[in-house]
Structure formats: C-alpha cells, structure tokens
Amino acid sequence: MEFAFYFSAGVAVISTLRVITNSNPIHALLYLIISLLAVAMCFFSLGAPFAGALEIIVYAGAIMVLFVFVVMMLNLGQTIVQQERQWLQPSSWTGPAILAAALLAELLYVLFGQSDTGAALGLSTIDSKAVGVSLFGPYLLLVELASLLLLAALVAAFHLGRHEAKEP
Amino acid sequence: MSWLTPEVVEVIIAVLKAIVILLAVVICGALLSWVERRLLGLWQDRYGPNRVGPFGAFQLGADMIKMFFKEDWTPPFADKPIFTLAPVVAMSALLIAFVVIPITPTWGVADLNIGLLFFFAMAGLSVYAVMFAGWSSANKYALLGALRASAQTVSYEVFMGLALMGVVAQVGSFNLRDIVDYQAQHLWFIIPQFLGFCTFFIAGVAVTHRHPFDQPEAEQELADGYHIEYAGMKWGMFFVGEYIGIVFISALLVTLFFGGWHGPFGLLPQIPFVWFALKTAFFIMLFILLRASVPRPRYDQVMSFSWKVCLPLTLLNLLVTGALVLAASQ
C-alpha cells in the first residue's frame, strides 16, 4: 500500500501545480478536483476510508460543484486566458517561488533532521487533541461568542440579500 | 502450472464476476431504451418501435448502428478536452457505484465497509458530467440546462444522504450486505423507514435527471439542455448513462428498502438472483411509468419542493428514528 500512497501523493502534487499554472479557470478547477480525489486516495491507502469518502463527498462533490457553478457563470473568454498568461510571467512568480522554496527546505530539515516529535526548537509539541481540549475547556465561552458572531453575520448577509424579494 | 495457486484462481474468479456484472448492467441499460419506448407506447395508447425483429426487439441494434456511424462532430467553438470528458463521466460515475451493490450472497463486486458513502461520493461526482457538458458546449441552452442540473442535483443530494441515515442508524453500518442481513432478521425497511423510502425515491429520480425531474433537458424550454451539441456515440454515452442510473437506483432501492436478494416472508431462499432481478425490474418499470404519467413541474416548484417539503420530512424521519434507536438500546 506504500506504493499506492506515494503514487496518489505524486498525482496530488502534480495536479495542484497545474491548478496554479493553468491559464484556463475551468481547466484549473478540473485539476483541483483531481487533486482532491488524489488526496482522498491517500486517505484510502493510509487505511482511513471514512475520511477519504468524506473528502470526496464534501470537497469534490459539493464545494467544488459550487466553485465550478460560479466560474461557469462568469462568461470567461479568451481575454481571461490572456490575462492569466500575463500574470504567470516568470518575473511575477520568481520572488515568491524562491521564498517558498526556502520554506520547503526548512520544513524538510525539520522533518528529517530533528527529533521526530516535530518539537525542533526545543518546545513541546501541541497536537490537535490539546487544541480541542483547550478550545472546549477554558476557552469555551470565547468559542460560543465567535459562533454567535458568525450567526449574526449570516443573518445580516441573508437580510442584505433579500431586499429585492418584497413583491406580493 | 505452478503460478495457478488458489489465491490467483480466487482473484481471477472475482475479476470475471466483476466483468460479468459490468456487462450485464451495461446491456440492461442499453436494452432499456427499447423497453422504455415499448412501455411508453403501451401506456400512451400507441405502438412504439415494433418494426425491427419480433416486437421491435432488434430496434436496439438498429439504434446502435446508427449511433456508431453518425459523424462524431465536435463544434469548433467548444472546449474540446472537457467536451470529450463529460460523456465519459456521465456513463462511468454511476456504473462505478454499482460495485457496492450486493446482488446475491455470493455475487457482488466489492464488499466495502463504507458502501453507502461510496455511493454518495459517486453521485456527487456525476454532477460534473452535466456541468462540464453544458459549459464546454458554449451554447446558451446547454449552459442553462447545466445550471439547472447542478442546482437541482446539489439540493436533492442534501436530503438523499439524510433520507438514508435512518436506515444506517437502525443497522449501525454503512455496509450494504449488513443492511440486507438486518432486513432478513427484522422487517424490510419499507415499513419502518417509509418516509425515508419516499424521499430517497424522489431524490433518486432527481439525481438521474429522469422525468418529472428532467429540468436540465426540458425539451419545450431548453431544446435539449446540456447535450444539445452532442452527436453520435458521445450523445449515446449520455443516453446509456441515464439508463444505467435507473438500473443502479432501482437496485439500490431494492437493497436498502426491499430486502435485497431475500424473498418476501423468507420465501424460496434458493433463488436469490431471481428475487433481486424481479424487484429491480419492478422499480425500473416504476421509473418508466412515472415518465408516462406525470407532467413536468416548473423549475422553481422543483427547487422549493426539495427544500420546503423533502428536507424537513427527512430531518423529522431521522429525529424519530434516532429517538427510537436510543430508546431501544436502553
């Protein structure tokens, strides 16, 4: 199964690169769907089929549908492709690419060079369980307040969006 | 013959079974085009195709010859790779989903623990066929059809998942074989999960874009919707894909709500395949009868029916089922 994992991980990396470098928005979204499917395959090969199926249902089956839906309505033509090509000139991406490569090198150094707990700087590692415990323990009130704020934003957005629908 | 170990033989038998099931499903889907037209003719007081062969049974062959030899034309303004990809997705998504259907105790392609979730995933991916077809055709009618299809499918998939959660909560498993076994020991789910059955059936019709939910291709308004620019075998793949969807949803209904390969009251357990095929055929007939008898609703009615009637019903069903399961376990 190790081969399956690395194979699908490679597919995910390549297709994600194509998402960025593709100049046609719909083709880029198609690559993004393939990338999500590849990540789902990674979950399958790691023995987490439930997470893999949810990845396909939620991301590839629902969220990406809305993405494609919106992009489809934008009436994109040849001008957009030209514009995207212009943005993809080497002069515009070399700087960020060099900085990102430096970060990648650091990540690899931390992953392979140091102790395998990931606490490379001598501090303790905070895993997701610890985050969850503190979110629903001492900070419970803050989480509830944040959710109230989000709910208020949702109600406001709904209110702003419905002003035209006042016909009898 | 040293390489012919028992494991290899097992693998070969499993692959052969899978191929037989694949061919059977595709042939059923193709034959349905003739069956549907004959039945529509019967129910609407006309003949239907009755010239080629006995009762017109070779009409399928004539249609296939026509489709294969038609010019496979791609419009010059279309987005070629996506235009070609769309019919492939249309045909393969629900065909792949067929692997989770247990046909008899010994026949079935894959025994997945996440069987139902796999079906949801494939149903979610099947939307892309219509969306990509509509967008890449660069045609107003096709785009409108694709917009309708995606909005409709996303809305109906919301409660399609919820409708089946009652079944899953009672069985405690996503595995379809577990669900069939549970029904053999208890009642068939059509009785305890009647609301779930009704809503899932409606969602199934909507997800396969069958009449009365064929808004994406409503002839009167959209001329043919998303596949207006398609010709030849590419159109044929959409066509066969729709019938494969019907066969698949019927088989899933039988598996989930009508006891799969078991006969009523444990009758005649020696013929599991016959029971399965009979019940599936019944639901396929129901799909066709719906098309023959029900008028097509307006698009906004379709959408508000989904969100205002079906979604609350499924939530209610899930709530009551959850409460009963909880009460029974204590």
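Figure 1. From the N terminus on, its elements run α-α-α-α-α-α-α-α-α-α-α. The radius of gyration of chain B is 21 Å, close to the 20 Å that the globule rule gives for 330 residues, so chain B is as compact as a globular protein of that length. Its C-alpha trace spans about 65 × 60 × 45 Å along the principal axes. Buried residues account for 44% of the 330 residues. Of the contacts in chain B between residues at least 6 apart in sequence, 78% link residues at least 24 apart.

**Figure 2. Overview of chain A, with 7 helices and 0 strands.** Along the sequence the pattern is α-α-α-α-α-α-α. Chain A has 168 residues, and 15% of them count as buried. Among its contacts between residues at least 6 apart in sequence, 52% join residues at least 24 apart.

**Figure 3. Helix α4 of chain B, enclosed along its length.** The helix covers residues 115-136. It has 22 residues and reaches 32 Å from its first C-alpha to its last, close to the 32 Å expected at 1.5 Å a residue. How many of these residues are buried? The count is 22 of the 22, so α4(B) is largely enclosed by the rest of the structure. Just after the helix, A138(B) takes a positive phi of about 55°.

**Figure 4. The largest nonpolar core, a set of 110 residues.** A97(B), M131(B) and A146(B) touch the most other members of this core. Which helix supplies the largest share? That is α4(B), with 17 residues.

**Figure 5. The contact between chain B and chain A.** Chain B brings 16 residues to the contact and chain A brings 14 residues. On the side of chain B that touches chain A, the elements giving two or more residues are α4 and α5. Helix α4(B) gives the most to this side, with 9 residues. By type, the residues on this side of chain B divide into 13 nonpolar, 3 polar and no charged. The model as a whole scores ipTM 0.80 and pTM 0.81.

**Figure 6. V99(B), in the loop between α3 and α4 of chain B.** Is V99(B) buried, exposed or partly exposed? V99(B) has 18 other C-beta atoms within 10 Å, so it counts as partly exposed; a buried residue would need 20 or more. Leaving aside neighbours within four places in sequence, V99(B) is in contact with V109(B) and A110(B). D79(B) lies 20 residues from V99(B) along the chain, and their C-alpha atoms are separated by 32 Å.

**Figure 7. V171(B), in helix α5 of chain B.** The helix covers residues 140-171. V171(B) has 21 other C-beta atoms within 10 Å, so it counts as buried. Beyond its neighbours within four places in sequence, V171(B) is in contact with D178(B), I179(B) and Y182(B). What separates V171(B) from G145(B) in sequence and in space? The two are 26 residues apart in sequence and 38 Å apart in space, C-alpha to C-alpha.

**Figure 8. D45(B), a residue with positive phi that is not a glycine.** Its phi is about 65°. D45(B) sits in the loop between α1 (6-43) and α2 (59-69) of chain B. Why is D45(B) classed as exposed? D45(B) is exposed because it has 6 other C-beta atoms within 10 Å, and 12 or fewer is the cut-off for an exposed residue.

**Figure 9. Confidence along the two chains.** Chain B averages a pLDDT of 84, and 97% of its residues score at least 70. Within chain B, confidence is lowest in helix α8 (residues 219-222), at a mean of 65. Confidence is highest there in helix α7 (residues 194-207), at 89. Chain A averages a pLDDT of 81, and 86% of its residues score at least 70. Among the elements of chain A, helix α4 (residues 78-87) has the lowest mean pLDDT, 77. Helix α7 (residues 140-161) of chain A has the highest, 89. Where pLDDT is low, the predicted coordinates should not be read in detail.

Key: Residues are numbered from 1 along each chain as its sequence is written. Chains are lettered from A and ligands numbered from 1 in the order in which they are written. This is a predicted model: local features need pLDDT of at least 70, side-chain atom pairs count only at pLDDT 80 or more; totals for chains, interfaces and linings use all residues. Helices (H or I, at least four residues) and strands (E, at least two) are DSSP runs, numbered from the N terminus. Two residues are in contact if their C-beta atoms, placed from the backbone, lie within 7 Å. The expected span of a helix is 1.5 Å times one less than its number of residues. pLDDT is the predictor's confidence in each residue, from 0 to 100. A nonpolar core is a set of buried Ala, Val, Leu, Ile, Met, Phe, Trp, Tyr and Cys residues joined through C-beta atoms within 7 Å. Ala, Val, Leu, Ile, Met, Phe, Trp, Tyr, Cys and Pro count as nonpolar, Asp, Glu, Lys and Arg as charged, and the others, Gly among them, as polar. The radius of gyration is taken over C-alpha atoms; the globule rule is 2.2 Å times the number of residues to the power 0.38.
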